[in-house]
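This report describes selected local features of a predicted model. The structure is shown first, and the discussion follows.

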Amino acid sequence: MDNGGPGELLRILRDGRPRTRADLAGITGLGRAAISSRLEPLLKLGLVVPVSDAASTGGRPSARLAFNPGARLVAAADVGATHATVALTDLSGRIVRETTERLEISCGPEAVLDWLAMTLQGHLETKKRPATDIIAVGIGLPGPVEHSTGKPTSPPIMPGWDGFDVPAYVQQTFDVPVLVDNDVNLMALGERATRWPNEDNMIFLKVATGIGSGVVSGGILQRGAAGVAGDVGHIAVSRAAGIQCRCGKTACLEAIAGAPAVAAQLRENGLEATTGNDVVSLVRSGDLAAIQAVRQAGRDIGEMLNMCVSFINPSLIVVGGSLAQSGEHLIAGIRETVYARSTPLATQHLNITQSATGPEAGVVGASILAVEYALAPQRVNDFATRLHPGGHQNTGDLQNVELIAQSSPTAP
Ligand SMILES: [Zn+2]
């Protein structure tokens, strides 16, 4: 256990609170000299900077030090079925520059990832930052991803992507660690980091063309054995019995509560609707049939969530995705079923609410995934050792040294 390498000091300071060397010594139990030698590489890299103290005037240097999230950059992308967002963020996940464009995932990995790299180069030029400032890349894709390799696995709506080595392709342009995950998992990370940092047991549910969820249990995002944990759209619900789903089976939740299914029900009532946005427009205009259809979709989703609530006992369910933009009607339907059918003990502290992060949740989550990887204490220690061989205890293993070699920013 590392009690005070540079990486651990950075981890402490990443909460944003400035601290003195004495504060850091108190937290870690290390002596002042040890703290100073461990801070030195962080100060050199610009990851930690002295803060201007209002009280300290007359040219005396400030005694307090703080994390400097602008020292380096992370590239983050959220690639959906028909749109993609790519952003540069600082090391706190704050978006520095962002672009969203219409882009079909079915164009294939080369076309999509080339656009991504080209757009990032443009962002770097606009912000006058060198490509070497990027220390990691995070990418969300709309299908199952084997997180350890960054390869999509049998994604249903992504022809050409199955088994494609996304990190290797992106590294031809940006030679840094590339982390890839399912888009809904990243929305869960993004929503949690920006709105619910203290919620250790939450479900982020996306209701759009498909229905999926990201599950955080015990403070850890759950990916499961094959990266499909939280893939709840194909759980059978009673009202869908006998209805064909695009996955080839029948009775799936998605086949009656996904946006295309709700739109189809509205067309049967003579209304014009094909997408989730069409449904949302009708609901917002006060159309009674649309409101009822969305509320019923909420009840059907609630039937599925009822099982999840019993199974992992979350304290928070956040609902996002295009259909969630219809506001309280969808949430009301979900609450109706979940509160009626789950046990009182499981629901007494359960909050079910609409996503507040909106469309940016995915890209923020991708940034957080990349930052957490790049700034993990052991990797920062390995960084620091390269700057100052022998400057502190190095417990790095070879694999980490290799990883950090890929992500090592240019020393100033
Ligand atoms: Zn299905």
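Which residues does Glu191 touch, not counting residues up to four places away in sequence?

## Surroundings of Glu191

Glu191 touches Trp196, Met202, Phe204, Val318, Ser355, Ala356, Thr357 and Ala361, leaving aside residues up to four places away in sequence. Glu191 itself belongs to helix α6, which spans residues 183–195.

Although buried, Glu191 has no salt bridge. Arg195 is the nearest side chain of opposite charge, at 5.3 Å, and a salt bridge requires a side-chain nitrogen of Lys or Arg within 4 Å of a carboxyl oxygen. The side chain of Glu191 does reach the backbone nitrogen of Ala356, at 3.1 Å.

## Zinc site

Four residues coordinate the zinc ion: His234 through ND1, and Cys245, Cys247 and Cys252 through SG, at 2.0 to 2.3 Å. The angles among the four donor atoms run from 107 to 116°, and the site is tetrahedral. Along the chain, the donors follow the spacing H-x10-C-x1-C-x4-C.

Cys245 is buried because its relative accessible area is 6%, under the limit of 20%. Cys252 likewise counts as buried, at 1% relative accessibility.

## Positive phi angles

Ala251 has a positive phi near 75° although it is a residue other than glycine. Ala251 is located in the loop between β13 (220–222) and α7 (254–257), and counts as buried at 13% relative accessibility.

Ser154, also not a glycine, has a positive phi of about 45°. Its loop runs between β9 (151–152) and α5 (166–171). With 56% relative accessibility, Ser154 counts as exposed.

Technical notes:
Residues are numbered from 1 along each chain as its sequence is written. This is a predicted model: local features need pLDDT of at least 70, side-chain atom pairs count only at pLDDT 80 or more; totals for chains, interfaces and linings use all residues. Side-chain values use heavy atoms; hydrogens and water are left out. Donors are N, O and S atoms within 2.8 Å of the metal (3.2 Å for Na, K and Ca); water is not among the atoms, so sites may look incomplete. Four donors count as tetrahedral if all angles lie between 85 and 135 degrees; four count as square planar and six as octahedral if opposite donors are over 155 degrees apart and all others between 65 and 115; anything else is irregular. Buried means under 20% relative accessible area, exposed over 50%, partly exposed in between (1.4 Å probe, protein chains only). Helices (H or I, at least four residues) and strands (E, at least two) are DSSP runs, numbered from the N terminus. Lys and Arg count as positive and Asp and Glu as negative; His and the chain ends are not counted. A polar contact is a pair of N or O atoms within 3.5 Å; within protein, one must be able to donate a hydrogen and the other to accept it, and residues adjacent in sequence count only if both atoms are side-chain atoms. Contact means heavy atoms within 4.5 Å.
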